[in-house]
Amino acid sequence: MMMHKIPFSSSRLRSLTGGLALVAALSACAAQAAELTMFRDPNCGCCLAWAEHMEQGEKHDVTTIDHPDMGSVKAENGVPDDLRSCHTVLVDGYVIEGHVPAADVERLLAERPEGVTGLAVAGMPMGSPGMEHGDHRQPFEVIAFGPAGRSVWASYEGSGA
């Protein structure tokens, strides 16, 4: 088998590098412009506040669906019982449960780690997105879950108040 050496001129290399940069930029834009579908109990107001958090800066569009049986939505999407919160979001093949900060959702969509089904913030910690209460913040963790098990995706400190 003969191997041919293809000469790379600096202009060809710049062109290739520029093309790769464009692909990376477009991929980042695609991750940021995600469309989210949020299932929520129609009587819950903090879910709408979380949706507003996700839409800040017009990065994401959130479609809300009022659902009378949230337990079935969570079960159908593989949300572990101990990680459940008030709303369940589907985005680009992932499940986002509860008050997960936008930056963590964006990181998940950009990194797309193997073995992760979704992210969850269990319960409704005060100070998490959609649960703001002045300067008071409870500490909370964002948990990545899926076939690979569980891990802490991010940790947030409380305010000490």
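## Strand E4, covered on both sides

Strand E4 (residues 94-97) has cover on both faces: Tyr-94 and Ile-96 are buried on one side, and Val-95 and Glu-97 are buried on the other. Buried here means under 20% relative accessible area, exposed means over 50%, and partly exposed lies in between (1.4 Å probe, protein chains only). In a regular strand, side chains alternate between the two sheet faces.

This is a predicted model, where local features need pLDDT of at least 70 and side-chain atom pairs count only at pLDDT 80 or more, while totals for chains, interfaces and linings use all residues. Residues are numbered from 1 along each chain as its sequence is written, and side-chain values use heavy atoms, with hydrogens and water left out.

## E4's neighbours

Strands pair if DSSP finds at least two bridges between them. E4 pairs with strand E3 (residues 88-91) in the antiparallel sense, over four bridges, and Thr-88 has Glu-97 as its bridge partner. Two residues sit between E3 and E4 in this hairpin, and the turn's Asp-92 has a positive phi of about 50°.

E4 also runs parallel to strand E5 (residues 118-120), joined by three bridges. On that side, Glu-97 stands opposite Ala-120.

## The whole chain

The protein chain has four helices and seven strands, going by DSSP runs numbered from the N terminus (helices: H or I, at least four residues; strands: E, at least two). Along the sequence the order is α-β-α-β-α-β-β-α-β-β-β. Of the 161 residues, 36% are buried.
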